[in-house]
Amino acid sequence: MPESSAAVVDLLAVLAYGELSAFDRMAEDARLAPDLTRRAALSEMAGLEIANYRRLADRLAELGADPAEAMRPFMAAIDGYHDQTEPRDWLEGLVKAYVGDSIADDFYREVAAFLDGPDRDLVLEVLHDHRYTDFVAGEIRAAVEADPKVANRLALWARRLVGEALSQAQRVAAERDALPALVMEGTEDLQAVGALFKRLTAGHAARMAAVGLNA
């Protein structure tokens, strides 16, 4: 398989397993909700994740890849992230969805620019719906406004999430050559890679500020 094709398969596969894992996580986290309205909202988010997984798995099959085998190399890193960042309550679950999913979406949105039309469009279409991001952000913001003391705890939790996400991303990069090669090919030089990560960092800081948390 050419390197570019292998990179596309890897990208779609890591996205697919991320969606499948997010479905499991959100369905479980929904039980932490303080009421049925919030439980239903998170359950709807979980339903969207599994629908996105199916689209990605179908595309992997079209490309001649077995979805399960394509996802397998990313299981340890993604499962490791979730195992190390299991939320203790409703608010920690919301921050995990808000911080972790948004950083991942920003990265995939950047990488999608390096893909050809159909796969680029698919990646952009399966990124998280702004309606659910707005819901989660609103819940966090309201909690911080109601009890400012929770801000420090949630900010520390967010930093832990980012640190663990970066650790697992480095693990994937070390084990899978094709995906980092796609980023390097698309950005053309190390300076552009640095600029990409600056954009990711700036986006994260802006999101944190928007809900009243320090990055």
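Which residue caps the N-terminal end of H3? In this predicted model, the cap is Asp66, which places a side-chain oxygen 3.1 Å from the backbone nitrogen of Ala68.

**Helix H3**

Helix H3 covers residues 67-84. At 1.5 Å a residue, its 18 residues should span 26 Å, and the end C-alpha atoms lie 25 Å apart, which agrees.

In soluble globular proteins, nonpolar side chains tend to be buried together. The largest nonpolar core of this model has 33 residues, and among those with the most contacts inside it are Leu11, Leu12, Leu56 and Tyr108. Helices H1, H2, H3, H4, H5 and H8 each supply at least two residues of this core, and H1 gives the most, with 10 residues. Leu56 touches Leu12, Leu15, Ala16, Glu19, Leu122 and Val126, when residues up to four places away in sequence are not counted. A second, separate core of 30 residues includes Tyr81, Val95, Ala137 and Trp157.

**Salt bridges**

Side chains of opposite charge can pair when their charged atoms come close. A search of the whole structure finds 15 salt bridges; the table presents some of them.

| Pair | Distance between N and O atoms |
|---|---|
| Asp58 and Arg54 | 2.9 Å |
| Arg88 and Glu92 | 2.6 Å |
| Arg153 and Asp89 | 3.1 Å |

Asp58 and Arg54 are 4 residues apart in helix H2, and are therefore separated by about one helical turn. Asp58 is partly exposed, with a relative accessible area of 36%, and Arg54 is partly exposed at 42%.

In the second pair, Arg88 counts as exposed at 63% relative accessibility, whereas Glu92 is buried, with a relative accessible area of 0%. Arg88, Asp89, Glu92 and Arg153 are linked in a network of salt bridges.

**Ser102 in helix H4**

Ser102 is located in helix H4, which comprises residues 90-112. With a relative accessible area of 9%, Ser102 is buried. Its side chain reaches the backbone oxygen of Tyr98 at 2.5 Å. Leaving aside neighbours within four places in sequence, Ser102 is in contact with Ala97, Thr133 and Arg207.

Notes: Residues numbered from 1 in each chain as written. Predicted model: local features only at pLDDT ≥ 70, side-chain atom pairs only at ≥ 80, totals over all residues. Heavy atoms only, no water. Buried < 20%, exposed > 50% of the residue type's maximum accessible area, 1.4 Å probe, protein only. Polar contact = N/O pair within 3.5 Å; in protein donor to acceptor, adjacent residues only side chain to side chain. Contact = heavy atoms within 4.5 Å. Core = buried A, V, L, I, M, F, W, Y, C linked by side-chain atoms within 4.5 Å. Expected span 1.5 Å × (residues − 1). Salt bridge = Lys/Arg side-chain N within 4 Å of Asp/Glu carboxyl O.
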